[in-house]
Amino acid sequence: MTDLILLGPPGAGKGTQAKEIAAKHGLMQLSTGDMLRAAVQAKTEIGRRAKAIMDKGELVPDSVVVKIISDRIDQPDCKAGVIFDGFPRNLPQAEALDEVLKSKGRKLDAVIELKVDDSQLIRRIEGRFTCAKCGEGYHDRFKRPKMRGVCDVCEGTEFARRPDDTAETVTKRLMVYYRETSPLIGYYYCKGNLRRVDGMASIEEVSQAIDAVLAQIK
Ligand code: AP5
């Protein structure tokens, strides 16, 4: 069993790389952002409460995301290991995750920090779009569908952009990252499981660097 965290600011490539690792290594991607967006779409009670917070680029309450993760990790598809993508987001969530994993007889094997310059983060987020049918992620410049207007995976022709991917909200999300989430770099460094990867490289090169980290910890 391998449990990993992908840590990095908005647009660092956490979701992109989590999908690659999941496919290559048989791990389950647990993205709190994706789970919250699904709750918003399904108009559940959690989704209704989360929507306004997410649109502003602020953090959803810790109790909500910790419960989502704690319940989800019990599912059989998480048995071989998970990649936490966008969780934990602050020290209380990191401490809660330690407790959750311990209570379930699991432990963190590595925390992979993706380092990317702010100007590049903004370019990545502003150009991001996804297939409306299967959710495959693309970028206006860095990852276009092979055939213009057609999803590579499901051949869908409808695409969507996230409501929180506006220039104004991205700036807010970056501030929240530096204030709330970046202290986790020190937290995991002190625990000895922080690994740093250059997230400025191409998607393929970042993926290879993560593979090298996984080979070391296995
Ligand atoms: P969430 O969905 O987690 O968003 P985020 O952390 O802001 O991260 P992103 O999804 O924006 O970026 P990413 O690093 O996954 O980048 P991606 O791979 O898409 O959270 C959204 C909101 O939900 C939060 O603001 C908060 O309100 C709430 N929330 C979620 N979790 C929470 C929690 N734990 N606690 C409280 N609230 C929570 O890449 C971006 C683009 O760049 C893509 O187009 C991609 O194709 C491209 N790209 C990726 N890698 C490269 C590369 N190496 N080179 C060139 N282009 C690349």
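This is a predicted model: local features need pLDDT of at least 70, side-chain atom pairs count only at pLDDT 80 or more; totals for chains, interfaces and linings use all residues.
The structure holds 21 salt bridges, and its largest nonpolar core has 30 residues.

- Glutamate 155 has a positive phi, near 65°, although the residue is not a glycine.
- Glutamate 155 counts as exposed, because its relative accessibility is 63% and the exposed class begins over 50%.
- Arginine 141 is also placed in the loop between β6 (137-139) and β7 (159-160).
- With a relative accessible area of 54%, arginine 141 is exposed.
- Arginine 141 belongs to a positive surface patch, together with Arg123, Arg144 and Arg148.
- Aspartate 140, located in the loop between β6 and β7, is partly exposed at 33% relative accessibility.

**Salt bridges**

- Arginine 161 and aspartate 140 form a salt bridge in which the closest N and O atoms are 2.9 Å apart.
- This pair links distant parts of the chain: arginine 161 sits in the loop between β7 and α7 (167-181), 21 residues apart from aspartate 140.
- Arginine 161 is partly exposed, its relative accessible area being 47%.
- A salt bridge also connects the side chains of glutamate 113 and arginine 196, at 2.7 Å from N to O.
- Here the partners are 83 residues apart and link distant parts of the chain, with glutamate 113 in strand β4 (residues 110-115) and arginine 196 in strand β8 (residues 194-198).
- Glutamate 113 is buried, because its relative accessibility is 4% and the buried class lies under 20%.
- Aspartate 152 pairs with lysine 146 in a salt bridge whose closest N and O atoms are 3.8 Å apart.
- In this pair, aspartate 152 is partly exposed at a relative accessible area of 34%, whereas lysine 146 is exposed at 78% relative accessibility.

**Nonpolar core**

- Within the largest nonpolar core, of 30 residues, those with the most contacts are Ile5, Val60, Phe84, Leu97 and Tyr188.
- At least two residues of this core are supplied by each of β1 (4-7), α3 (45-56), α4 (62-72), β3 (82-85), α5 (91-103) and α8 (183-191).
- Helix α4 provides the largest share of the core, namely five residues.

**Backbone geometry**

- Phenylalanine 87 and proline 88 are joined by a cis peptide bond, with omega at about -5°.
- Proline 88 is situated in the loop between β3 and α5.
- Lysine 43 is not a glycine, yet has a positive phi of about 55°.
- The position of lysine 43 is in the loop between α2 (32-41) and α3.
- Lysine 43 counts as exposed, at 60% relative accessibility.

- A surface patch of negative charge gathers Asp117, Asp118, Asp198, Glu204 and Glu205.
- One of its members, glutamate 204, is found in helix α9 (residues 203-217).
- Glutamate 204 is partly exposed, with 47% relative accessibility.
- Methionine 200 occupies the loop between β8 and α9 and is partly exposed at 35% relative accessibility.
- The C-alpha atoms of methionine 200 and leucine 121 are 9.3 Å apart in space, while the two residues are 79 residues apart in sequence.

How values were computed: Residues are numbered from 1 along each chain as its sequence is written. Side-chain values use heavy atoms; hydrogens and water are left out. Patches are made of residues with over 30% relative accessible area and no salt bridge: like charges are joined within 9 Å, nonpolar side chains (Val, Leu, Ile, Met, Phe, Trp, Tyr) within 5 Å. Accessible areas come from the Shrake-Rupley method with a 1.4 Å probe; for residues, only the protein chains shown count as cover. A salt bridge is a side-chain nitrogen of Lys or Arg within 4 Å of a carboxyl oxygen of Asp or Glu. Lys and Arg count as positive and Asp and Glu as negative; His and the chain ends are not counted. The place of a charge is taken as NZ of Lys, CZ of Arg, CG of Asp or CD of Glu. Helices (H or I, at least four residues) and strands (E, at least two) are DSSP runs, numbered from the N terminus. Buried means under 20% relative accessible area, exposed over 50%, partly exposed in between (1.4 Å probe, protein chains only). A nonpolar core is a set of buried Ala, Val, Leu, Ile, Met, Phe, Trp, Tyr and Cys residues joined through side-chain atoms within 4.5 Å.
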